[in-house]
Amino acid sequence: HFFALLRGCADHRSFLVCIAFVGRLPNMSSEILGEYERQCASLKVKPSPAVGELLRGERVAELDLSPLYLGVKGVLAVVELLPMLPFLERLCLKHTLITNEVAVRLAELAISHPSLRELDLSDNRLSLASAKALLELIRENPNVRVLTLEHTDFSQSYMDLIARQLDQNRIPKGEFQFRKDNVLTDEESRQPVQWDDEWEWNSSAGDEFLWAQAPLGEVESYALEGPASTSVDAREPVPVRPSRSVGDALKDAVSPLQPWSDPDFPADLSSLGDPRWKELQWRRLPEIAAAVGRPLAVLDSTAPLPWLPCEGTAGLPDLYLLNAMGVLANHPTLLRRLFVAVHPEVGVYQLQLHKGGRWLAVTVDDWLPVLPGTAKPAFGCSADPAEGWVALLEKAYA
């Protein structure tokens, strides 16, 4: 029983809840039934023999109260037993006429539950108070992965937030810890990047590689560049120094007081290439986050989904890229995989991008162009400027 509990633990809090039940399992059936009778007495309702049958046994994994017609207080008496049911994985309260009070109490008790996976509260007149409590529940307890809310009075905005959080809860454990799991070790980051002899990376190297391999007019189209052209200019690739390794960048970074600056993409007009942007200034990502009064987060792990990208006002014609990022924002697991190394304390980030049939490792610093006299990014950024994934991804693609 003990190890079966541990397998369902999501964090230390769930582990401690499990410990509390060890040693009590042989007598828990009678304890639960006794507590159920006490709850019914306090709520002045008659205990249901059908509920008593459902509660018998040492390991109650599922409770379906929908066919029992217990009434609001009768359901509440069962909900109060949740801390005594550590193996419960599914609870169905569909069409049980529960109120916001019952749903809120259920959410409070379920936050620390070690095994609960699925809740069905459909066909109940639940509104804003329940929506807030249930959203808090699934944020705090990632074990809860299915929450059915058909025919409730929740607004569409809350339904969307709940759906997004449930999507994140279904991601296997460890996927969110991209800084711990995806960051290269020192030895790995100092390994030289492997490049083909015929391959020189730049922003259009994928096109040029394809042009070199196919006759004019027969270049296959691919997602980032749109339909194939029949008048391709078969020019030679422009030699561009490959992106630096993370190890070299970390070695060059003196300290958090003097973060790394990419010598291949300096914070000046030479990196932008268009004279109309000569008035733009440059600021580091932590400065931009400080200007909006929020801590820097490459990807905000507390939000149901990453903030959507916003187009800058400086006129960079890459709306196609921002739209693609908007689609990617609905798949946070895939988005996190693009960030291979994240070192915000020294401004070093490595991303992997797929271009021309290859995965390319690109290391960038956190210098970003901003509008003159402000900390507002001039080009693409997240709807929350303190969340830097959009600007960093756009810079890596550039």
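Me: How many helices and strands does the chain have?

Reply: In this predicted model, the chain has 17 helices and eleven strands. Of its 398 residues, 46% are buried. The chain exposes about 20200 Å², and carbon and sulfur atoms supply 54% of that area.

Me: What share of the contacts in the chain with a separation of 6 or more comes from residues 24 or more positions apart?

Reply: Such residues account for 71% of those contacts.

Me: Why is Ser122 called buried?

Reply: The term requires under 20% relative accessible area. Ser122 has 1% relative accessibility and therefore counts as buried. Its place is in the loop between strand S3 (118-120) and H7.

Me: Which residues does Ser122 touch, leaving aside those up to four places away in sequence?

Reply: Ser122 touches Leu93, Lys94, His95, Thr148, Leu149 and Glu150. Ser122 and Glu150 are 28 residues apart in sequence, yet their C-alpha atoms are 4.6 Å apart in space.

Me: What makes the approach of the side chains of Ser122 and Asp120 a polar contact?

Reply: A polar contact needs a pair of N or O atoms within 3.5 Å, one able to donate a hydrogen and the other to accept it. The side chains of Ser122 and Asp120 are joined by such a contact, at 2.8 Å.

Me: How do you know whether Asn169 is buried or exposed?

Reply: The cut-off for a buried residue is under 20% relative accessible area. Asn169 has 5%, so this residue is buried. Asn169 lies in helix H8 (residues 156-169).

Me: What lies 2.8 Å from a polar atom of the side chain of Asn169?

Reply: The backbone oxygen of Val144 lies at that distance. Val144 is also among the residues that Asn169 touches, together with Ile138, Asn141, Pro142 and Arg145, when residues up to four places away in sequence are not counted.

Me: Why are H6 and H7 called roughly parallel?

Reply: Angles under 35 degrees count as roughly parallel. The axes of helix H6 (residues 100-110) and helix H7 (residues 128-140) cross at roughly 10° and come within 9 Å. H6 and H7 are therefore roughly parallel to each other.

Me: Which residues of H6 and H7 meet?

Reply: From H6, Asn100, Ala103, Val104, Ala107 and Ala110 take part. They meet Ala129, Ser130, Ala133, Leu134 and Leu137 in H7.

Me: What makes S7 and S9 edge strands of their sheet?

Reply: The sheet is open, with three strands in the order S7-S8-S9 and antiparallel pairing. Strand S7 (339-343) and strand S9 (358-364) each have a single partner strand, so one side of each is left without a neighbour in the sheet. From one strand to the next, the twist averages 20°.

Me: How do you know that strand S8 and S9 pair?

Reply: Pairing requires at least two bridges between two strands. Strand S8 (residues 348-355) and S9 share seven bridges, in the antiparallel sense. In one of the bridges, the partner of Lys355 is Arg358 in S9.

Me: Which helix packs on the sheet, touching S7, S8 and S9?

Reply: Helix H17 (residues 389-397) does so, and its direction makes about 60° with that of S8.

Me: Why is H17 described as largely enclosed by the rest of the structure?

Reply: Nine of the nine residues of H17 are buried, so the helix is largely enclosed by the rest of the structure. Among them are Trp389, Leu392, Glu394, Lys395 and Tyr397.

Definitions and conventions: Residues numbered from 1 in each chain as written. Predicted model: local features only at pLDDT ≥ 70, side-chain atom pairs only at ≥ 80, totals over all residues. Heavy atoms only, no water. Helix = DSSP H or I, 4+ residues; strand = E, 2+ residues; numbered from the N terminus. Axes fitted to C-alpha atoms, helices over the stretch in contact; angles between N-to-C directions. Contact = heavy atoms within 4.5 Å. Buried < 20%, exposed > 50% of the residue type's maximum accessible area, 1.4 Å probe, protein only. Areas by Shrake-Rupley, 256 points an atom, 1.4 Å probe, with all protein chains shown as cover. Parallel < 35°, antiparallel > 145°, perpendicular 65-115°, else oblique.
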